[in-house]
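Hi,

Here is the structure I promised to pass on. Have a look at it first, and my notes follow below.

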Amino acid sequence: MTDHDTVDHTGPCGCSSGSECAGGVCGPAPAAPSLPGRPAGQGRGIFDKELLDRCISCGFCLPACPTYALTGQEPSSPRGRITLMRALEAGDLAPDDPTLAEESSFCLGCRACETVCPAGVEYGQLLEQWRDHQWSGRNRPWIARTLMMLVSRPGLLRLQGLVRRHARGPGEKAGPRPAAPAPSSGEPPQQPVSLMLGCVERGLYPRVSRAVQRLCPEADVPAAQGCCGALHAHNGDSATGGKLARRLGEQLPGTILTTAGGCAAHLAHHLGRDRVRELSQYLDEKGHRPAGQVMVDGRRARAALQDSCHLRNGLGVTRPPRELIAAVADYVELPSAGKCCGAAGTYSMLRPADSKKVLDPKLSEVEAADVDYVVAVNPGCLRQLEQGLRRARSRAKAIHLAEFLALAAQPEPGRPGPAPRADGPKEP
Ligand code: SF4
Ligand code: SF4
C-alpha cells in the first residue's frame, strides 16, 4: 500500500472561488455521473442507497477532514469520497480504479465529518460498506488480514493475556471479588458489570485493565471473551465484525465496560448504547470522585487529553474524560485534542507516512503546551502517542486514563496517601 503523496490526484474542490476557496464550503462538488445503460436508481448494490443519497454535497465537512487538510484535493475529502462511492455504485468507475483503492485506504475513518454534516450522513457506515467491497478477499492489505486472523483466535487472546498479566476475574485470581455496591431501598437491582479486555490492550497494555480493577472493583473480568470485531468492521469484513460483537455481548453479562473508545462505539452500534460504557462515561455516571492527584517534581502535573475519534464523533463523549483528568491534575486543552492522532486502527501500520503527517502537528502542540502527560482513552491512540513522543524526544509521557487515575490514587513517598473513601479505589 502506498502513501498518499505518491498518487496523482486530480480534481478541484468543486467551488468556483479559485484562490478564495474556503476549504470546500463555498460550493457543491460536481454531481456524480449518471449510470449509462442502466435504469435510473439501480446500482451495484455495494452501498445502502438511502445512506448514499443523504449527502447534499454542501461541503461543510471539508474543513473537518484531516486528509483533506493534508492534500487540499477534493477526492481526499468526505464529499469527494462520497462522489467516488456514488460513481462506484453507479458503475461509472471500474471497481479496480486506482483512485477508489487509494481513497478508501487514505481515509482515516475518524468520522469527524459526521459531526458537522447537516444532512446526517453516516459516513462511518458508508466507509465500512466501501471497504467490504474494496478490501474483500485478497484485496485486503496483508497486515489487516494477519491481525484479523490473530484476534479471531480466542486461544491466542487468552495466551497473551496470561503472559502479560492483565486483570483477572474471581475465578483466576486469589480472593473473592468485592461485591457490587448494594442498591439503596426502592432502587432497581444493579446490572452486573463486565470488563472487556480488548485484543490489543490485553497484550500491549495489560496494566490498563489492572488499573480499572482498582478503580472499579465491582467489575467482573470473565476469562472467556473474544474480540469485539471493530478491527474486522474497519478493515472490510463488517459481517464478521457484527458477529464478533454479538458473540462478545453473550460472553460479557450486564454492562460491558471498555477502556477503548473505538470498541465502545462498535459495540454500541451492534448491541445498543445501553449495553456499553467506555470507562470515563462509566465513572462519570456512577459519580466517581477521583482520589489523590498526580504530582511531578513536587507540583501538580499538567495533563492534556487526546480524544478517541469514535468515542467523540461516534458516541459524543467529550466531557467526562476532561473532568476526570482535571480532578487529579491541571488540565490543558490542546488545540487539536478532538482531532485524529493518526492511529486510526490499522492505519498507522498500513500508511505510516500519512499517519505521521497527521500526528506531527499534535506533537508540536504538546511541546508548546509544556505538559507532563498526554492522556489517551483508546489503546491505539496510546500507542501512537507513545511512539510519536519518543520520536520527538518529548519529556511528556503518554498514559491511559485508567492508569492516570490509578496513579493519582497512589500514595507518593513522603506524602500521605488519599484518605480512604467509601467509593474510592481499593487494591485488588
Ligand atoms: S457529507 Fe454531509 S457535510 Fe459533507 S458534503 Fe455531504 S451533506 Fe455536506
Ligand atoms: S472519516 Fe475522517 S478522514 Fe475520512 S472522510 Fe471523514 S473526516 Fe475525512
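Which helices each supply at least two residues of the shell around ligand 2? They are helix 2 (66-71), helix 3 (78-90) and helix 5 (112-115). Before I go further, keep in mind that this is a predicted model.

Staying with ligand 2, there are 14 residues around it, and the ones that come nearest are Cys 65, Pro 78, Cys 107, Cys 110 and Cys 113. By class, the shell around ligand 2 splits into 10 nonpolar, 2 polar and 2 charged residues.

Ligand 1 also has 14 residues around it. Here Cys 55, Cys 58, Cys 61, Arg 79 and Cys 117 come nearest. Helix 3 turns up again, giving the most to the shell around ligand 1, with 3 residues. That shell is made up of 11 nonpolar, 2 polar and 1 charged residues.

Val 193 stands opposite Thr 255 in strand 2, and Ser 194 has Ile 256 of strand 2 as its bridge partner.

Where do the two helices meet? On the helix 12 side the residues are Gly 241, Gly 242, Ala 245, Arg 246 and Gly 249, and they meet His 266, Leu 267, His 270 and Leu 271 in helix 13. The residues of this contact divide into 3 nonpolar, 5 polar and 1 charged.

There is also an open sheet of 4 strands, in the order 7-6-8-9, and the pairing is parallel here as well. Strand 7 (330-332) and strand 9 (397-400) stand at the edges with a single partner strand each, so one side of each has no neighbour in the sheet. The twist from one strand to the next averages 35°.

Within this sheet, strand 6 (residues 302-306) and strand 7 pair in the parallel sense over 3 bridges. Ala 304 has Val 332 in strand 7 as its bridge partner. Helix 19 (residues 379-391) packs on the sheet, where it touches strand 6, strand 8 (373-376) and strand 9. The direction of helix 19 makes about 170° with that of strand 9.

Last, a word on confidence. The protein averages a pLDDT of 83, and 78% of the residues score at least 70. Over residues 5-40, though, the pLDDT is below 50, and the model has 63 contacts for this stretch beyond near neighbours in sequence. Residues 174-179 also stay under 50 in pLDDT, and for them the model has 6 contacts beyond four places in sequence.

Cheers

Note on methods: Residues are numbered from 1 along each chain as its sequence is written. Chains are lettered from A and ligands numbered from 1 in the order in which they are written. This is a predicted model: local features need pLDDT of at least 70, side-chain atom pairs count only at pLDDT 80 or more; totals for chains, interfaces and linings use all residues. A residue is near a molecule or strand if its C-beta atom, placed from the backbone, lies within 6 Å of it. Ala, Val, Leu, Ile, Met, Phe, Trp, Tyr, Cys and Pro count as nonpolar, Asp, Glu, Lys and Arg as charged, and the others, Gly among them, as polar. Two strands pair if DSSP finds at least two bridges between them. Two residues are in contact if their C-beta atoms, placed from the backbone, lie within 7 Å. pLDDT is the predictor's confidence in each residue, from 0 to 100. Axes are lines fitted to C-alpha atoms, for helices over the stretch in contact, and angles run from 0 to 180 degrees between N-to-C directions.
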